[in-house]
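Have the model open as you read.

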Amino acid sequence: MAYPDTRMRRMRRDDFSRRLMREHTLTVDDLVYPVFVHEPAGRAEVPSMPGIERLSIDALLRVAEQASELRVPALALFPVTAPEAKSLTAEAAWADDGLAQRAIRALKQRFPQLGVITDVALDPYTSHGQDGLLDDGGYVLNDATVEALVKQALSHAEAGADVVAPSDMMDGRIGAIRAALEDAGQLHTRIMAYSAKYASAYYGPFRDAVGSAGALGKADKKTYQMDPGNSDEALREVGLDLDEGADMVMVKPGLPYLDIVRRVKDAFGAPTFVYQVSGEYAMLKAAAANGWLDERACAMEALLSMKRAGADGVLTYFALDAARWLREA
Ligand code: PBG
């Protein structure tokens, strides 16, 4: 039926009918809050991420309390390693008394119902800032790195992590981690695979936050993270990770890659997550600070667009704000 029998604007006329026909919504259940934990006492601002701080474990517990009160389902934990704890071989990544491991234990003891997702990758621990171990020519070794990642993931699971999230993009790491978890009797540890992680320039503020930017220098991660020009390759990555035992898959970054989210959701129907990364957050914050964009409206629109693209959940630095905004709405 054509105009005038069909008038698309009829349903848009009033709030009640707009609400009734809304196809996608954002709820607090969709949010994961990434947090940075550091060794020093107290909090330290991250200049390129206004509103985000590096937190001591004590300060982290106070943030976890807010997240729990707001009913945000989970935190994603990112440790900031002191320069003297970094090395070529990244042993600090699986130290039983490491910062990540202590933070996991503290969180699970105080807030057992709050999900704890840990980052499995070596970049916070390597003196060169790459996510893996290097050969003499500076190439990131795959299989040796996977062995290290397995140790790291096991130490997180043993400390009580609910979800380990390998963000390194090595081949075969999901299968190796899943096998090691099963062998260790860690049957319930979920794996959230950063399956389609692109070699993106939008990670800059994150690298400032964890202090890997200086170590990395002018180097890039293009030999393991994906080429932004590719889309079919993302489906192959997701397929492999699901076959190897991933419970959830992720696309990262978010807004520039929503076509990938849609393809992944359509092709696999698996729990699919998207990471609204540090650079996406920084852009919105900077525009809002200049009075050029409405922060709340634009952040909520971006998060909703991720749901519409097919994501089941979003890792976002806006998680606590979004949870508050949803309450007020
Ligand atoms: C490192 C890691 C990165 C992010 C999450 N885990 C950065 C990178 O790959 O260099 C980026 C998150 C963000 O930008 O918010 N394994």
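## Contacts with the ligand

A polar atom in the side chain of K221 sits 2.7 Å from an oxygen atom of the ligand; a polar contact here is a pair of N or O atoms within 3.5 Å. S278 does something like this too, with a side-chain N or O atom 2.7 Å from an oxygen atom of the ligand. On its own the ligand has 400 Å² of accessible area, and the protein covers 100% of that (Shrake-Rupley method, 1.4 Å probe).

Before going on, bear in mind that this is a predicted model: local features need pLDDT of at least 70, side-chain atom pairs count only at pLDDT 80 or more, and totals for chains, interfaces and linings use all residues. Residues are numbered from 1 along each chain as its sequence is written, and side-chain values use heavy atoms, with hydrogens and water left out.

## The shell and the cavity

Which residues come nearest to the ligand? Out of the 18 around it, they are K197, R207, K252, S278 and Y317 (near means a heavy atom within 4 Å). By type, the shell splits into eight nonpolar, three polar and seven charged residues; Asp, Glu, Lys and Arg count as charged, Ala, Val, Leu, Ile, Met, Phe, Trp, Tyr, Cys and Pro as nonpolar, and the others, Gly among them, as polar.

The ligand takes up the space of the largest cavity. A cavity is a set of points on a 1 Å grid over the protein atoms alone where a 1.4 Å probe fits but cannot get out, and its lining residues have an atom within 4 Å of a point. To sit in one, a molecule needs more than half of its atoms within 2 Å of the grid points.

## The annotated lysines

K197 and K252 carry the UniProt annotation "active site", from an unreviewed entry; such annotations may be inferred rather than shown by experiment. They are spread over 56 residues of sequence but cluster in space, with a largest C-alpha distance of 4.9 Å. Both K197 and K252 are in the lining of the largest cavity. K197 belongs to strand β7 (residues 190-197), strands being DSSP runs of E with at least two residues and helices runs of H or I with at least four.

Most peptide bonds are trans. The one from K252 to P253 is cis, with omega near -10°, and P253 is in the loop between β8 (248-252) and α10 (258-268).

Key. A polar contact is a pair of N or O atoms within 3.5 Å; within protein, one must be able to donate a hydrogen and the other to accept it, and residues adjacent in sequence count only if both atoms are side-chain atoms. On a 1 Å grid over the protein atoms alone, a cavity is a set of points where a 1.4 Å probe fits but cannot get out, and a pocket is an open set with protein on both sides within 12 Å along at least five of seven lines; lining residues have an atom within 4 Å of a point.
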